[in-house]
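Open the model in your viewer and keep the selection tool at hand. We will go from one stop to the next, and at each one you will hear what to select.

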Amino acid sequence: MTTRDMTCIVCPMGCQLHVELEDGKVMTVTGNTCPRGKQYAIDECTHPMRTITSTARTENGEVVPVKTNRTVPKELMFDCMKEINKAVVKLPAKIGDVVVENILGTGSDVVVTANMD
Ligand code: SF4
């Protein structure tokens, strides 16, 4: 039996979760105030996902903030960053413009999060 402690990041309550695992399988989750916390703990222990926030270069050399519009597998974050670093954002850019579509086949698009002329 192994244990993991984590903070639920699903809502601002930030409940402290305690997870007991056996052979990589979640046996119990405690500390959650609602069912979403239990699901978060299970996902975090079995297939952790993250939203990536970063910046991308624009065609004039400046940078613009970007993020993924869906979460991506945590283990792909480094490779996703490499793809974002290759991208060049056309100007003018506006919030929601797609910079990288379906990044690494994750179903998530990288989108601009600020307007820039
Ligand atoms: S367990 Fe529920 S109430 Fe607690 S932080 Fe997670 S989502 Fe919010």
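Which order do the strands take in the open sheet of three strands? Select them and you can read off β1-β2-β3, with antiparallel pairing. β1 (2–7) and β3 (25–30) are at the edges with a single partner strand each, so one side of each has no neighbour in the sheet. On average, neighbouring strands here are turned by 25 degrees against each other, direction ignored; the axes are lines fitted to C-alpha atoms, and angles run from 0 to 180 degrees between N-to-C directions, with helices fitted over the stretch in contact.

A word on what you are viewing: this is a predicted model, in which local features need pLDDT of at least 70 and side-chain atom pairs count only at pLDDT 80 or more, while totals for chains, interfaces and linings use all residues. Residues are numbered from 1 along each chain as its sequence is written.

Helices (H or I, at least four residues) and strands (E, at least two) are DSSP runs numbered from the N terminus, and two strands pair if DSSP finds at least two bridges between them. Now pick β2 (residues 16–22): five bridges join this strand to β3, and the two run antiparallel. Zoom in on L21, which stands opposite V26 in β3.

Next, select G37 in helix α1 (residues 35–46). G37 counts as buried because it has 24 C-beta neighbours inside 10 Å (the cut-off is 20 or more for buried, 12 or fewer for exposed, partly exposed in between, with C-beta atoms placed from the backbone). Beyond its neighbours within four places in sequence, G37 is in contact (C-beta atoms within 7 Å) with C8, V10, C15, L17 and N32.

Show the ligand now. The residues around it (C-beta within 6 Å) include C8, C11, C15, C34 and G37.

Then colour by domain, using bounds from an automatic or database assignment: domain 1 covers 2–46 and domain 2 covers 53–112. Their C-alpha centres lie 29 Å apart.

β9 pairs with β10 (residues 110–112) in the antiparallel sense over two bridges, and V100 stands opposite V110 in β10.

Note on methods
Two residues are in contact if their C-beta atoms, placed from the backbone, lie within 7 Å.
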